[in-house]
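Have the viewer open as you read.

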Amino acid sequence: MKAQKAASPKLGVRQATKVYHTASGDLLALDRCSLDVHAKEIVSVVGPSGCGKTTLLWSMSGLHGLSSGEILLDGQRIVGPHPDIGIVFQEANLLPWRNLDANINFPFEIKGTTPDRQWVAHLLRRVGLEGFGGKFPRELSGGMQQRAAIVRALSLKPSVLLMDEPFGALDTFTRDEMNRLVEEIWLDAPTTIVFITHSIEEAIFLSDRVVVLSPRPGRVAKEYRVPFARPRSMEIMATKEVFDLTNAIKMDIVGGRAQAQLRQLAETSN
Ligand code: ADP
Ligand code: MG
């Protein structure tokens, strides 16, 4: 009985299929994509641009529906935005006319509740934003804005955190810093994290598993377990194991893209 419970995923993606109906015709973004994410696991999703990563994440969050298939949270079907699922986007999406405190309060105002002040203060301290509550987004650097977005998401105490290329717009050093921060936050209070990135290095540093999607329509093409214990030091990134893993993932993505291009060529020449 116990073993059975451990095996059931926190988040289950079952045969997720998403068709966008556009003016120029239907576009199949995800095609029977299936993936399990276990409680307190960090899973990164990588894949070529346009392969359906954001579509997958939005589906997981309940922000948009699937054409077929389902997303399960603790075995329950997700049919809309869920209070137990937090999301962080590439853009921090802070409201420019509100200071940091008021931005963090915003989702609570919408829900008509109040945040756990102690938890928010702890998070702000954790990400190095203590004392910045009165600052407006324009007064914060890109990295600080993303930290604020993480605090805003975590202040709601979600058990699942979905992140869509959250550090994609940051410089390499800030990104490394943010990766360490995500790890620290996770070590502090482990949550289930699905992390989308186009940086294979970032995916490896952060994750227990890296999932590679095929070119559109997105489907899980491959998955890799990352064997390093936490906390991880940036030094692991210079090891042969990481070098080999990075190359293997790169080859999957490049190979998948080449195959897709060949398929397209064959289709258009027929
Ligand atoms: P990724 O995040 O991997 O770059 P996306 O999930 O954003 O990929 O997009 C997958 C495909 O679906 C792309 O071809 C994209 O142009 C298309 N797409 C994404 N969102 C929409 C939308 N709202 N309407 C129509 N097509 C979309
Ligand atoms: Mg995307």
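Helix α8 buries Val242, Leu245, Thr246, Ile249, Ile253, Gly256 and Ala260, where buried means under 20% relative accessible area with a 1.4 Å probe and protein chains only. An α-helix has 3.6 residues a turn, so residues three or four places apart point the same way. What sits over those buried α8 residues includes β3 (42-46), α7 (200-206), β9 (209-213) and β10 (220-225). Helices here are DSSP runs of H or I with at least four residues, strands are E runs of at least two, and both are numbered from the N terminus.

A word on provenance: this is a predicted model, with local features needing pLDDT of at least 70 and side-chain atom pairs pLDDT 80 or more, while totals for chains, interfaces and linings use all residues. Residues count from 1 along each chain as its sequence is written, chains are lettered from A and ligands numbered from 1 in written order, and side-chain values use heavy atoms, without hydrogens or water.

The domain assignment, automatic or from a database, gives domain 1 (11-84 + 158-264) and domain 2 (94-157).

On a 1 Å grid over the protein atoms alone, a cavity is a set of points where a 1.4 Å probe fits but cannot get out; a pocket is an open set with protein on both sides within 12 Å along at least five of seven lines, and lining residues have an atom within 4 Å of a point. Volumes are the space filled by probe spheres set on the points, which are joined across faces, edges and corners.

| Space | Volume | Lining by class |
|---|---|---|
| Largest pocket | about 600 Å³ | 14 nonpolar, 4 polar, 2 charged |
| Second largest pocket | about 330 Å³ | 5 nonpolar, 4 polar, 4 charged |
| Largest cavity | about 50 Å³ | 8 nonpolar, 1 polar, no charged |

Ala, Val, Leu, Ile, Met, Phe, Trp, Tyr, Cys and Pro count as nonpolar, Asp, Glu, Lys and Arg as charged, and the others, Gly among them, as polar.

The largest pocket draws at least three lining residues from each of domain 1 and domain 2, and α3 gives the largest share, 4 residues. For the second largest pocket, the residues nearest the centre include Ala260 and Arg263. The largest cavity gets its largest share, 3 residues, from α6.

Notes:
Buried < 20%, exposed > 50% of the residue type's maximum accessible area, 1.4 Å probe, protein only. Contact = heavy atoms within 4.5 Å.
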